[in-house]
Amino acid sequence: MNFSKYKYSILILILVFAALITWQKRSYFNGMPWVTDLHYSYPEYAVADTKNQLYVIDQSKRRVTRINANNQSSLILKGGEKKPNSFFYALDLAVDSKGHIFLLNHVMDDRGFNLIREEIQEYDSQGQFIGLIYQQNYSEADHKPTLVQRGKITGLTYYQDRLHWYVVDERGIQPFSLANSNSITEVESGLFYPLKGADYLIADLHPISLESFVYSKKNGSIHQTSFAVDGMYWTEQRYQAPAQAFSIAPWGVAVNKQQTIFTLDLLNQSIHPLDNHQLNSAFFSGNQLQASRPETAFFNYYHFSIAPDNSLITTNDEAVIQWSQSGLERYLTLVPYDAQLLQSHWLAWVSCLVFVVALSRLLFFGVQLLIQHSGQVFYLSIATIAAVSISAFVVSNMIIPHLTKQYEQVLVEKLSYMLQTSPRLVDAELFDQLQGLDDFQGEAYQKIYASFLEGLNYNQDTWNESSYFAIYRIINNRLYGLMYLNGSIGMMHPFDWLGDDSVYEKAQRGLIATEMTHDISGEWLYGVSPVKNKAGEVVALFETGTDLYAFRLASQKLIKDLALQVITILVILVLVMMEMIFLYQILKQRFNFVTDKVAISKVGDFSDVQLARPLNFIFFTAVSMSLAFIPLMMSGFYEPVAGLSKDFLLALPISIELFFFGFATLISGYLVPSLGWRRLFVIGLLVVLVGLVFSGLAWDMSSFCVARAFTGLGSGISYIGLRALINQESRQQARSEGYSHFYAGMIAGGNVGVVLGASLADLLGFSQVFYVAASILVLAFVFYFYGLKRLVYIQPAIKAAVEESSGIGLTKKVEVTKRSALTIYLRDPKIWLFFICLVFPTYLAGTFLAYYLPVFAEDQGLSIADIGRLFILNGLFIIYFGPPLSRFFKRRLGDFQTQMLGSALWAASLIIFAATGSLWGAVVALILMGITEGFCATAQNEYYLEMPSSKLLGEDKATGYFELFSKIGETLGPIGFSIALLLGQQLGILVLGLLVLFATLPALLFLKETSTSSNTPSKASIL
């Protein structure tokens, strides 16, 4: 077997498999491949499962890791992303008996201030996302102080073989539990524990049983509540911290298997069991830890959990700690990767390296092809795009950071102003009335809170809408939080932020100080100022600031968007420039043919049919402007229809348009002899114009579908009209060149139209884009009347020169009648096998771009303009790689085997997306589809026209049937996708990919390569 013949096919398969492995193992890129240890960064919270494995939230709540019983890292989940199937901030964590991980995910707005969504996610033991257990969404109407960077869901715990959580709001507490991952079940229907201001009062909750839970308040009390059979409840106060004294501050609560309640004392860094309404001696304390491990520094402890073996799990700023009755079990600041994780770590890097090498080799091969078969226009366009793209990237990375620094300076100035004015709005004497935890939410506390909240004008203005406030006090050289804007802390919440002349120490000395920092809770730009009483004494510290992490994400997004916009505009300009240069060259050649009789006799490669390219460019620019948003516009008209799914209805306008396009191509093929290409093309233009105008005027689903039917009908008529123009060329080489330019103009126009339409849709709205498209279509009329009016005088001269030089007459008759040729064509089983096994599956797969991608991309948060950029990315690969790859594969493989390769790559594109289910998977799929369409569509067309039945029928009529059946495939595509999606996104598209792959097997067995001739005109060309 000659493997060199298939080396590029093998290389493509290697590339696909390496890409899939790299994507699957993408979470294992944790530093360089030789890094073998995982270092913890601000571990926040940890729990243990029945196998004594620990699960840890760290990296400012943006990473979750698992430590096995051998103290090795065996799983890593990365967050910090707002996309589906991932988490942004992991606020809480629970693990069931199967090793499934449940995360409380918080998704913030772009300013990192208000919560827009919180949800409980489930991951399997391998870290694969399973689904959502529970979700709360928040609109602008829900933006209130208690929801600033916190939510309503709390107390996520796996206890007594059930998952428990609580929704806490200003009305009270509603408990939820889940026995398994198949359904959500409330503890009892309608159970609710009323507690006014619970969202501000509650510090922590933990279940005791299915009908009972314990909760702690920020005033130092601990309560146990149980529900009776009739839905009533009783509450018992289990503990109250000493009044008028800051000696103990109970905070977190947890319950072990024996239903013993434990609480964490913030002030004394200790965890105590609760017995007979008293705190027993500490089960764990910072002092005990330092006695066992003297090198341990002083830390505060804020969270803890109880393991199934009754040991305690807690964290400090550097380590995960497990403490049992016998003392310290684990103190982990770093853990080595286990063998499986290390293998996955190396596999991720190796597969990435293989992917890069294979991609580089394919790109090198592609560049070689482009160099061999492209002219100076290509070099000019590529050089221009590369130069401007690099310039845009460099300049944006220079300007945006500079603007960021300027903006940060503006923020600092704004903070300084607030730091100077806000402390003056509060009665500082009120702080003297806060003597103990029981003063929490007392009269003095509420007055202080209201004064500072009013000072920020309730975050209603642009200058303060993302600014928080916090109040601190320094007592005995220790920093304590007193209140937060969102009410998430109590009156004595200790922090270890003193030392090194910190901003808090400066404020204690009466100064105003600002800084940027990265700590356990994220990245912040903030400042601190003193609150002074009448005697000039500092009684408290006022802090205000903003989330810097969200700001940096927004800056990075701005850089990316700016670069993408520049590159997109440049690509569009280059495409338009190339078409204008091509038009100029053709018009210059035409002028030479008209003025130089010798040139006509020599003929060469020139042909008037090449003028179809600029006309096609203008035409498809107009009709493609709505391609990126037709399903989205249909969703605005959507109304339920009995028996039809929403996905089916959203696909209906595209299916109708494609069906009428195919119908028009069939009818037009028979009208060419009587009407001619000119009348046919003009009729199509007029019908498309009507369709575009009525698309803009559409008022419901039915009217929109009718408008798209007109658009498809007119497009099909004009399409065959232009193809009939090319079919007038009798020389096969010139005709093939004409078709090449025809498709190049169509693809270029489609790309320009998609991007232009998508950009205008964001600015003007969907309906207005159709009117702009109709205006552009008028340019096609203008070009037709003024650019092609002399075509009829030139073509006969060229034909005569060809006849004279080749000796072939153009009046040769075909021995079969038109009716018998059609009968032979329709009865040919190979024709039907070709359409069913090759055309239908590949065109069905191709509707991934036109139908499914816009809906999926919008769900991923992309704008219409971004969707347009994805279309143009696909088109660029068709334009630049299609022609050279077509020639290469035709020479190496032939049309038949090229089709087989194309079908396999169509299937691989869908399978890649199904395997990833992500936006990047969609991008890879559309790139591979672009490359495949560039050579496969040409191979299908040439193979089909060389089939004996097609040649007998005649090229115009055979082309009409080809377009009809291809549009039937595209019509069935959206319907097939809507049906497949009933199985779920990834499984449904995987099934489609496999169907496309297996559909090629009958063609592989029963079809074979057709013999072609590059010099002798076919019967179709002689008719």
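Reader: Is R171 buried or exposed, or partly exposed?
Author: R171 is partly exposed, at 48% relative accessibility. Buried means under 20% relative accessible area, exposed over 50%, and partly exposed in between (1.4 Å probe, protein chains only). This is a predicted model: local features need pLDDT of at least 70, side-chain atom pairs count only at pLDDT 80 or more, and totals for chains, interfaces and linings use all residues. Residues are numbered from 1 along each chain as its sequence is written, and side-chain values use heavy atoms, with hydrogens and water left out.

Reader: What does D169 form with R171?
Author: A salt bridge, with the closest N and O atoms 3.1 Å apart. The term means a side-chain nitrogen of Lys or Arg within 4 Å of a carboxyl oxygen of Asp or Glu. D169 is buried, at 8% relative accessibility.

Reader: How many salt bridges does the structure hold?
Author: Seven. One of them joins K447 and E443, at 3.3 Å from N to O. Both residues lie in helix α6 (443-455), four residues apart, about one turn of the helix. Helices are DSSP runs of H or I, at least four residues; strands are runs of E, at least two; both are numbered from the N terminus. E443 is exposed at 60%, while K447 is partly exposed at 43%.

Reader: Now sheets. What is the order of the four strands in the open sheet?
Author: β15-β16-β17-β18, with antiparallel pairing. Two strands pair if DSSP finds at least two bridges between them. The edge strands, β15 (202-209) and β18 (233-240), each pair on one side only.

Reader: And how many bridges link β16 and β17?
Author: Five. V214 has Q224 in β17 as its bridge partner.
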